[in-house]
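Dear colleague,

Please find the structure below. My notes on it follow directly after.

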Amino acid sequence: MEIKEILIVGELRNNRDGSIVKVRVVEFPDRGNRCLDLRKWVTGSDGGLKPTSTGIMMGSANSEWLLSLLEQSRDEIVEVLNPIDPVI
């Protein structure tokens, strides 16, 4: 099954193992539908990046739901991920 990359939204490199998490919009040309793809990529034996099966792919409706959820919860997520140490 061929996947065509339409847009790379962003990439985050893991310095420990050199893997990359890519957020991108892809299309299945044989079906004509586009999806949001969040996937881990690793360096293959040929030195090029290869996608792993570790990831999430979702269509338009679910992508809009996820984006809306993250936007609405942004401040709470940041607060929970980065708690402020109490002054003692």
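Asp 75 is exposed, with a relative accessible area of 59% (buried means under 20%, exposed over 50%, and partly exposed in between, with a 1.4 Å probe and protein chains only). Arg 74 is also exposed, at 52%, and forms a salt bridge with Asp 75, the closest N and O atoms being 3.7 Å apart; a salt bridge is a side-chain nitrogen of Lys or Arg within 4 Å of a carboxyl oxygen of Asp or Glu.

This is a predicted model, in which local features need pLDDT of at least 70 and side-chain atom pairs count only at pLDDT 80 or more, while totals for chains, interfaces and linings use all residues. Residues are numbered from 1 along each chain as its sequence is written, and side-chain values use heavy atoms, with hydrogens and water left out.

The structure holds 7 salt bridges. Among them, Asp 46 pairs with Lys 50 at 3.2 Å between the closest N and O atoms; Asp 46 is exposed, at 56%, whereas Lys 50 is partly exposed, at 38%. Another joins the side chains of Asp 37 and Arg 39 (2.9 Å, N to O), and both of these residues are buried. Asp 37 and Arg 39 also belong to a network of salt bridges with Glu 5 and Arg 24.

Ser 19 is buried as well, with a relative accessible area of 3%. The side chain of Ser 19 makes a polar contact with that of Asp 17 at 2.7 Å (a pair of N or O atoms within 3.5 Å; within protein, one must be able to donate a hydrogen and the other to accept it, and residues adjacent in sequence count only if both atoms are side-chain atoms).

Yours sincerely
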